[in-house]
Amino acid sequence: MSYDALNDLLSARHSCRAFRPDPVPRGVIEQILTAAQRVPSWCNAQPWQVLITSGAETDSFREALQNEVATGAPKPDLPFPSAYTGVYQDRRRTCGWALYEAVGVEKGDRAGSAQQMMQNFALFGAPHCAILHSPADLGPYGAMDTGGYVAAFTLAAQALGVATIPQAAVASYGPFLHRYFDIPENRLILCAISFGYSDTDHPANGFRTERASLDETVTWQG
Ligand SMILES: Cc1cc2nc3c(=O)[nH]c(=O)nc-3n(C[C@H](O)[C@H](O)[C@H](O)COP(=O)(O)O)c2cc1C
C-alpha cells in the first residue's frame, strides 16, 4: 500500500453525526474487526474487548441509554479530562462551533447545543454501536492500546464505506453500561463507536475538522 493511499484514507475519515438506518452486513463488520485487530499493543496483550449491537438490540440500547441520561448521573470508568486549557481549549471550541454552525445552532443557544449534544445518546441514529473495554489491571496502557484499536477500526470502516464516530459520551454512564451489558467490574469501559452508513446530506455531516501543523506538535532534537 502506498503512503498516498493511506493518507487519502486518513484524510477521508471523519466523525459521522447522522446515520442512515440500514444495517452493515455481518461480513463487513468482521472485516473491520479483523483489520483493527492488527494494531500494536504492549506485550501483544490485545487488551480490547468489543461488544457490538445490531438491529433491535441497538434500538433497545438507544432507548435505555436515553432513559438513563434523563434520570441518572454520569460516572465514567475512566476519569474524564479535568480541564481543557490553552490550545486544547481553543481546538475543542473550534470543532464544537463548527458542528453547531453546520446544524444551525447559534453561539449562546444553550438549548440548541444541548439538544445536539443529546444526539450522542441517540447514537446519532446509527444501526450499530460498539462498546470497547479493557482490563482494569492494565490501567492507562490498556486504554492506550485500545485507542490504537479505535483508530484502526475507524480507518478500516472508512476503507469499506462505513461511517463511524468514537464516543466518550456514551462511556460516561459506566455503571449503567456494566449492568446493561453484563460487563464485569474488572473491565474499564473506555468508549463506544457508533457506526453505519452516513446520511451524507445531513447538516451534522457537513463540516470537517482541521489539524495542527507539525510545528505545533513535533520537537526535532538533532
Ligand atoms: C476517544 C474519542 C472520544 C470521542 N467522543 C466523542 C463524543 O462523545 N461525541 C462526539 O460528538 N464526538 C466524539 N469524538 C469525536 C471527536 O470530536 C473527533 O474525532 C474530533 O473532533 C476530530 O474530528 P474528526 O473525527 O471528524 O476528524 C471522540 C473521538 C475520540 C477519539
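**Contacts, helix packing and aromatic pairs**

In this predicted model, the side chains of Ser-198 and Asn-205 are joined by a polar contact of 3.4 Å. Ser-198 belongs to strand β5, which spans residues 187-198. With a relative accessibility of 14%, Ser-198 counts as buried, because the cut-off for that class is under 20%. Beyond its neighbours within four places in sequence, Ser-198 is in contact with Cys-16, Ala-18, Arg-20 and Ala-163, as well as with Asn-205.

The packing of two helices comes next. Two packed helices are described by the angle between their axes and the distance between the axes. Helix α1 (residues 3-12) packs against helix α6 (residues 139-159) at an angle of about 100°, and their axes are 9 Å apart. That angle makes α1 roughly perpendicular to α6. On the α1 side the contact involves Leu-9, Leu-10 and Ala-12, which meet Leu-155, Gln-158 and Ala-159 of α6. Of the residues in this contact, 5 are nonpolar, 1 is polar and none is charged.

The structure also holds 10 aromatic pairs. In one of them, the ring centres of Tyr-149 and Phe-153 are 6.4 Å apart and the planes lie at 50°, so the pair is tilted. Both residues lie in helix α6, 4 residues apart, about one turn of the helix. Tyr-149 is buried at 1% relative accessibility, and Phe-153 is buried at 0%. A tilted pair is also formed by Phe-176 and Tyr-180, with 5.5 Å centre to centre and 40° between the planes. These residues are 4 apart in helix α8 (residues 174-181), and therefore separated by about one helical turn. Phe-176 is buried at 7%, whereas Tyr-180 is partly exposed at 31%. Finally, Tyr-149 and Phe-153 form one aromatic cluster with Trp-48 and Phe-195.

Notes. Residues numbered from 1 in each chain as written. Predicted model: local features only at pLDDT ≥ 70, side-chain atom pairs only at ≥ 80, totals over all residues. Heavy atoms only, no water. Axes fitted to C-alpha atoms, helices over the stretch in contact; angles between N-to-C directions. Helix = DSSP H or I, 4+ residues; strand = E, 2+ residues; numbered from the N terminus. Parallel < 35°, antiparallel > 145°, perpendicular 65-115°, else oblique. Contact = heavy atoms within 4.5 Å. Nonpolar A, V, L, I, M, F, W, Y, C, P; charged D, E, K, R; others polar. Buried < 20%, exposed > 50% of the residue type's maximum accessible area, 1.4 Å probe, protein only. Polar contact = N/O pair within 3.5 Å; in protein donor to acceptor, adjacent residues only side chain to side chain. Phe/Tyr/Trp six-rings, centres within 6.5 Å; stacked < 30°, edge-to-face > 60°.
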